[in-house]
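Here are my notes for you, as numbered points. Keep the structure open while you read, and look up each residue as it comes along.

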Amino acid sequence: MMPVRAQVVACGGYLPERVFTNDDLTRYVATSDHWIQQRTGIRERRIAAAGETTADMATRAARTTLDRAGFTASDLDLIVLATATPDETFPATATMVQARLGMTRGAAFDVHAVCTGFIYALSVADAFLKTGQARTALVIGAETFSRILDWTDRSTCVLFGDGAGAVLLQAAPLNEPATDRGVLSTHIYSDGRHHDALYVDGGPSRTQTVGCLRMEGKEVFRHAIHRMAEASDAALAANGKTAADLDWLVPHQANMRIIEGMARRLELSMDHVVATVDRHANTSAASIPLALFEAVEDGRIRPGHLVLLDGMGGGFTWGSALIRW
Ligand code: ACO
């Protein structure tokens, strides 16, 4: 089999219409715009409309991606959807998106790695393309975290938002390294001993309820930069690159202090970092593809750019991907 690389054809995104500012949150919990901005950099987030689901948002992001690429659903042979907030316990939300797009062949399934979900899904799709099991794959990150928040817990409900983003990958022959575009490598990790630092206290098997997100914020913060730096170092080392070679760092958007800490750790100017956390808050698996979509649409990320994706989430899970755009 001829060696192939998963090239990025296009990306897309969708944000719910409803903007929820920090001041809006003061109607629910004792907090302030000042506290939230100072500790997290978040100014506002989008919240899904009543009845608007993860599959709805994922389908919107998927359609935008296909439109930007000039592809139709019949061109796809794989959908990998990262989410921790599926529409139903089963079937996979990916199959709902598949049906709505009108894709009637190939495979569609969900991947669950919470905030690292998009990097996990990208890693799975990349492996499918490299082994010839698929030629064209849609990788989606979509979440409605607003439905699993405890709106009386100020230490968590101020941090998250809803949305969806997607990237279309296509297998292309492997070229000379200097001009080689596509996913150069992916690196995924987990350590299940950290369950109690970040989890949802419900689920079909344990409680037969959906549950709410619970988090030891300081513990997560303590691990975040360390883990994400470890994953970044692995991606750069695997490709013989240094941070100075990067055009863009597109990290998971959890907290501006974590993002700035990562930039400092890589000795990268914030001019080379894509940040959306101020307007989107933490959209978990959707945060990286939404940030990619924004930076591609406004012309910051261009063909040939070297882009590092980096994330960390519940589990703990963490990971990175290096892409020649
Ligand atoms: N408004 C006002 N006060 C608040 C709020 C709020 N929304 N939330 C907590 N406080 C109070 C606390 O009650 C506490 O008060 P006390 O001193 O009287 O007890 C005080 O603020 C300090 O609380 P801490 O939890 O120590 O605040 P900290 O500086 O650690 O910031 C934060 C909390 C923002 C959650 C931080 O720990 C963090 O960002 N952690 C990372 C969490 C994260 O990003 N999780 C996302 C999922 S994982 C991921 O995506 C990487």
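1. First, a term you'll need: a polar contact is a pair of N or O atoms within 3.5 Å; within protein, one must be able to donate a hydrogen and the other to accept it, and residues adjacent in sequence count only if both atoms are side-chain atoms. With that in hand, look at R154, where a polar backbone atom lies 2.9 Å from a nitrogen atom of the ligand.

2. A word on what you're looking at. This is a predicted model, where local features need pLDDT of at least 70 and side-chain atom pairs count only at pLDDT 80 or more, while totals for chains, interfaces and linings use all residues. Residues are numbered from 1 along each chain as its sequence is written, and side-chain values use heavy atoms, with hydrogens and water left out.

3. Back to the ligand. The side chain of R39 has an N or O atom 2.5 Å from a ligand oxygen. For N282, an N or O atom of the side chain is 3.1 Å from an oxygen atom of the ligand. How much of the ligand does the protein bury? Taken alone, the ligand exposes 1000 Å², and the protein buries 75% of that (areas by the Shrake-Rupley method with a 1.4 Å probe; for residues, only the protein chains shown count as cover).

4. Who sits around the ligand? There are 23 residues, and T31, R39, K218, H252 and N255 come nearest (a residue is near a molecule if one of its heavy atoms lies within 4 Å of it). This shell divides into 12 nonpolar, 7 polar and 4 charged residues. Here Ala, Val, Leu, Ile, Met, Phe, Trp, Tyr, Cys and Pro count as nonpolar, Asp, Glu, Lys and Arg as charged, and the others, Gly among them, as polar.

5. Which element gives the largest share of the shell? That's α7, with 4 residues. Helices here are DSSP runs (H or I, at least four residues), as are strands (E, at least two), numbered from the N terminus.

6. Now zoom out to the domains. The assignment gives domain 1 (4–173) and domain 2 (182–324), with bounds from an automatic or database domain assignment. Their centres, taken over C-alpha atoms, are 14 Å apart. The contact between them takes 54 residues from domain 1 and 50 residues from domain 2 (contact means heavy atoms within 4.5 Å). The ligand shell draws at least three residues from each domain.

7. You'll find H252 in the loop between β11 (248–251) and α8 (256–265). At 3% relative accessibility, H252 counts as buried (buried means under 20% relative accessible area, exposed over 50%, partly exposed in between; 1.4 Å probe, protein chains only). Its side chain makes polar contacts with N282 at 3.3 Å and with S287 at 2.7 Å. H252 and S287 are 35 residues apart along the chain, and their C-alpha atoms are separated by 5.8 Å.

8. S287 is buried, with a relative accessible area of 1%. Leaving aside residues up to four places away in sequence, S287 touches H252 and Q253.

9. Finally, why is α10 (residues 287–297) described as largely enclosed by the rest of the structure? Because 8 of its 11 residues are buried. Among them are I288, P289 and F293. Just after α10, G299 takes a positive phi of about 85 degrees.
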